[in-house]
Amino acid sequence: MNAINFFKRSLIFLGLGWLLFAIAGGLLVYFYQDQLVSRFVTEANKRIETPIQTEKIKASWWKKFPNVSIVLSNVIIDGSLPGPGDTLATAENIYCTFNAWQLLRGNWIVDEIHMNNGKLFLVQSELGDNNYTIVNRANSKQDSSSGFKLEKIELTDVAVTYLDLFRNQEYQLKVHDMAASLASDAGLYQIGLDGDITSESIRIASRVYFEDKPLTVGALLSYHQPQKQ
C-alpha cells in the first residue's frame with residue numbers, strides 16, 4: 001500500500017511539475033515574443049545568405065511543445081544561384097525549434113526544422129553549382145551559443161524536385177511524412193531518411209523510372225561537400 005501511495009504522489013508531483021513548466025514557458029514566450037522574434041531574425045540574417053520572405057512570423061510555445069518554436073507563415077526562400085527566379089522553397093508553415101532549457105541558458109540554437117504544405121526545388125547547374133548552398137559557413141562557426149545545428153528536419157506534404165543538369169537527371173517526389181537526421185564533420189554530411197513518399201517520376205538521361213510509385217524510404221546518405229559526391 002505504501003508503494004502504491006508513493007507512486008500516486010510521484011505522479012501528482014510529476015504532473016504538477018509539467019504544469020508549472022508549461023505555464024512558465026507560455027508566460028516567457030508571451031512576454032518576450034518580440035525579443036524572441038527579433039533575435040531569431042538577427043541570427044538568421046547572419047547565417048543565411050539568400051533572402052527569406054514571410055507573411056507572418058511569431059514565437060510559439062504550444063505548436064512544438066515542449067520546444068519553443070519560431071513560426072514562419074507563407075514562406076518563400078530564394079536559392080543561391082545568380083539571377084532572378086531562383087526559388088529554393090515555398091511553404092505554408094516552417095517551424096524552427098529551440099530546446100527550451102538551452103534557450104533559458106542563453107543558447108539560441110535551432111535544432112529542428114519542420115516544414116509543411118510546401119515545395120522544394122533543388123538544382124545543380126551544368127557547371128556543378130547548386131541553389132541550396134545558402135548557409136554562410138564563416139558566420140556559422142563564430143559563435144557556438146547561437147545559430148543552426150540541425151539534428152532533425154521533418155517534411156509533411158512537400159513536393160520535392162531535384163534537377164541535376166550536370167548529370168542530366170531529374171527527380172520529382174511527393175513527400176507525405178519524412179524525417180531527416182543530420183550530422184556533419186569537416187564537409188562530410190551524414191543524412192538519415194525515414195518516411196513515406198510517392199515517386200512521381202525519376203528521369204535519368206532520356207529514361208523515366210518509378211512513375212507514380214508509393215515508396216517507404218529508410219536510408220543513410222553520405223555527401224562530401226568539397227568533392228560534391
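A nonpolar core is taken here as a set of buried Ala, Val, Leu, Ile, Met, Phe, Trp, Tyr and Cys residues joined through side-chain atoms within 4.5 Å. In this predicted model, the largest such core comprises 33 residues, and those with the most contacts inside it are Ile-94 and Met-115. Two or more residues each are given to this core by helices α2 (33-47) and α3 (100-104) and by strands β2 (68-78), β3 (87-98), β4, β5 (146-164) and β6 (169-185), with β3 giving the most, at six residues. Leaving aside residues up to four places away in sequence, Ile-94 touches Ile-70, Val-71, Leu-72, Val-75 and Ile-77, and also Ile-113, His-114 and Met-115.

Strand β4, which spans residues 108-124, includes Gln-124. This residue is classed as buried because its relative accessible area is 4%, under the 20% limit. Beyond residues up to four places away in sequence, the contacts of Gln-124 are Asp-129, Asn-130 and the residues Tyr-162, Leu-163, Asp-164, Leu-165, Phe-166 and Arg-167. Gln-124 also lies 9.1 Å from Leu-81, C-alpha to C-alpha, although 43 residues separate the two in sequence.

On the surface, Ile-204, Tyr-209 and Phe-210 form a nonpolar patch with about 270 Å² of accessible area together. Ile-204 belongs to strand β7 (residues 188-204) and is partly exposed, with a relative accessible area of 36%.

As to confidence, the mean pLDDT of the chain is 83, and 81% of its residues reach 70 or more. The highest confidence is found in strand β8 (residues 207-209), at a mean of 96, and the lowest in helix α4 (residues 137-140), at 60. Where pLDDT is low, the predicted coordinates should not be read in detail.

Methods. Residues numbered from 1 in each chain as written. Predicted model: local features only at pLDDT ≥ 70, side-chain atom pairs only at ≥ 80, totals over all residues. Heavy atoms only, no water. Patch = residues over 30% accessible without salt bridge, like charges linked within 9 Å, V, L, I, M, F, W, Y side chains within 5 Å. Areas by Shrake-Rupley, 256 points an atom, 1.4 Å probe, with all protein chains shown as cover. Salt bridge = Lys/Arg side-chain N within 4 Å of Asp/Glu carboxyl O. Helix = DSSP H or I, 4+ residues; strand = E, 2+ residues; numbered from the N terminus. Buried < 20%, exposed > 50% of the residue type's maximum accessible area, 1.4 Å probe, protein only. pLDDT = per-residue confidence, 0-100. Contact = heavy atoms within 4.5 Å.
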